[in-house]
Amino acid sequence: MNRQKDTLPLEQDYLDAILEHCQDGIYITDNEANTVYLNHSYERISGLLRAEMIGKNMRDLVENGVVSASGTLSVLENGEGITIEQSFRTGKRAIITSSPVYEDAEDQGRIIMVVTIVREITEIYSIRRELRRVMARNREYAKEIRRLEQELGGGVSMIAVDEKSVRQIRLADRVAMVDTPVLVSGEAGTGKEALAHYIHLQSTRREYPFLVVDWSVMPEDNLIGYLFGYEDAGAHEYHMGVLESAEGGTVFMKEFTQMPASVQDRMLALIRNGSCVMGEGVLRRLDVRFIVSSRESLTALRERGQVTGEILQCFSAFSMELAPLRDRRDDIIPLAEYFIRQYNRQTGEKKKFSRQCYQRFMEYDWPGNVQELRVLVQRAAIVSEGNLMSESDLLRADSAGSAEAPSAALSEYLMQKAECVDSGGGTPSFSVHKQCSDLEYESARLEAYYMNLAFARYHNIRDAANSLGIDSSTFVRKRQRYKAMGLMED
């Protein structure tokens with residue numbers, strides 16, 4: 001057998017053929033870091049063309065941002081092989097291993113070339129990024145599930161007895177079946193968010209998140225990143241935007257006329273087309289439904305031009321206007337009973353309203369609407385001593401009000417009905433004077449009354465302070481002050 005015929009002649013053409021058939025990229029430079037060879041796999045992995053790389057020096061390529069880092073330069077500087085992650089201007093990524101080739105393999109003195117093996121990780125990186133996105137989304141889902149589980153009854157109950165409310169609920173049931181954007185308008189406190197949540201729970205998206213976007217609390221420094229996500233280049237991490245956490249569900253935007261101009265274009269694209277440029281710079285489809293709220297009706301918004309015509313047009317196809325509570329009075333008593341049942345389920349108590357309470361509920365105009373009623377019921381239940389709540393409990397609850405509801409109107413109304421109100425029942429009493437000449441003193445007298453009431457109920461400072469939402473040291477300090485003023489008992 002002729003041994004010469006069995007030996008493959010390793011001529012240049014054969015070497016080129018071998019290198020071109022390698023699945024890994026191969027990149028070769030001389031000892032000055034000038035590019036002398038790269039194979040087809042390198043072009044595929046990097047997205048860079050052979051014609052634009054041959055003859056180029058690695059220092060220039062790094063300086064011009066063609067490649068992020070160079071293993072070749074490290075090898076020429078340190079004389080040792082190195083493995084690093086490398087990214088290209090095309091956006092692709094790779095793991096490269098650069099190794100020196102010596103003039104004398106045994107002596108390992110002078111380097112004559114550097115050979116770099118390039119392995120693609122762009123797809124792996126994309127999978128890893130998508131995994132982080134899914135994990136982040138799952139965390140948001142878990143938060144949403146916990147929030148829903150904490151809601152009494154596990155969902156949103158819409159109280160609809162008045163004819164106007166019944167018509168709205170029937171309309172909401174129908175619109176829940178389609179994915180059209182919805183504008184819910186109405187005065188503050190009428191229940192716009194509750195109606196939006198009800199629509200979500202009646203829709204096929206009920207198993208997915210219900211996300212509330214409140215423009216008044218959005219971060220100003222990185223609003224786009226907060227909403228659409230952003231890439232942390234230093235940590236090689238993608239931070240998912242809050243809108244992505246609503247994938248498959250519903251996004252409810254409070255007072256959408258307050259939407260900052262900086263995000264309107266992206267939001268318009270998302271609302272209209274279901275896709276926009278996300279934080280990693282990729283055009284991505286997001287499967288969400290949009291419901292927005294406004295204190296003004298669609299007609300008023302059009303007349304005043306508060307928002308751009310294009311965004312308003314997206315919600316002009318379907319709008320719902322909630323009537324104020326004073327115009328659907330048949331809902332007042334059922335709502336009050338619903339709120340007190342919620343309180344009772346939460347605390348295990350058995351509170352209920354007296355006939356006088358119901359009478360006052362029906363006579364009052366409720367400028368703060370459903371929200372004012374809900375807050376008042378909760379406060380009255382907290383300050384009342386017995387199970388049967390009286391008209392005096394309503395006034396005591398209203399006196400302890402905050403900016404959550406325009407309760408001053410109710411106080412004025414109730415005081416018109418009675419010269420003063422006493423708590424009775426052998427507990428510390430408090431009377432509301434129609435004439436007040438010293439507001440600071442009257443405020444101290446009211447606070448001292450509630451501190452007396454709490455201490456009489458719990459018989460220790462810690463629990464009394466906790467029930468009032470203050471710490472023990474504050475309770476002791478104020479108690480000493482009010483005792484000196486003669487407003488608190490020993």
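Colleague: How many cavities of 30 Å³ or more turn up in a search of the whole structure?
Modeller: There are three cavities of 30 Å³ or more when the whole structure is searched. On a 1 Å grid over the protein atoms alone, a cavity is a set of points where a 1.4 Å probe fits but cannot get out, while a pocket is an open set with protein on both sides within 12 Å along at least five of seven lines, and lining residues have an atom within 4 Å of a point. This is a predicted model, with local features needing pLDDT of at least 70 and side-chain atom pairs pLDDT 80 or more, whereas totals for chains, interfaces and linings use all residues. Numbering starts from 1 along each chain as its sequence is written, and side-chain values use heavy atoms, without hydrogens or water.

Colleague: What volume does the largest cavity have, and which residues line it?
Modeller: The largest cavity has a volume of about 70 Å³, counted as the space filled by probe spheres set on grid points joined across faces, edges and corners. Its lining includes Tyr27, Tyr42, Met58, Gln86, Ile96, Ser98 and Thr116, and both α6 (71-78) and β4 supply at least two lining residues each. Helices (H or I, at least four residues) and strands (E, at least two) are DSSP runs, numbered from the N terminus.

Colleague: How does that lining of the largest cavity split by class?
Modeller: The lining of the largest cavity has five nonpolar residues, six polar ones and no charged ones, where Ala, Val, Leu, Ile, Met, Phe, Trp, Tyr, Cys and Pro count as nonpolar, Asp, Glu, Lys and Arg as charged, and the others, Gly among them, as polar.

Colleague: And the second largest pocket, what lines that one?
Modeller: That pocket holds about 620 Å³ of space, and of its 21 lining residues the closest to the centre are Ile382, Val383, Tyr450, Ser467 and Leu468. Two or more lining residues come from each of α16 (369-383), α19 (439-458) and α20 (461-468), with α19 giving the largest share, nine residues. By class, the lining of the second largest pocket has 13 nonpolar, two polar and six charged residues.

Colleague: Switching to sheets, what is the strand order in the antiparallel one?
Modeller: The order in this open sheet of five strands is β2-β1-β5-β4-β3, and its edge strands, β2 (35-38) and β3 (82-87), each pair on one side only. Two strands pair if DSSP finds at least two bridges between them.

Colleague: How many bridges join β4 to β5, and how many β1 to β2?
Modeller: Nine bridges join β4 (residues 93-102) to β5 (residues 111-120), with alanine 94 opposite glutamate 120, while three join β1 (residues 25-30) to β2, where tyrosine 27 faces leucine 38. The hairpin of β1 and β2 has four residues between its strands, and in this hairpin alanine 33 takes a positive phi near 75°.

Colleague: What about the sheet with parallel pairing, which strands sit at its edges?
Modeller: Its five strands run in the order β7-β10-β13-β6-β14, again as an open sheet, and the edges are β7 (210-214) and β14 (319-321). Four bridges join β6 (residues 182-185) to β13 (residues 289-294) in parallel, and valine 184 has serine 293 of β13 as its bridge partner.
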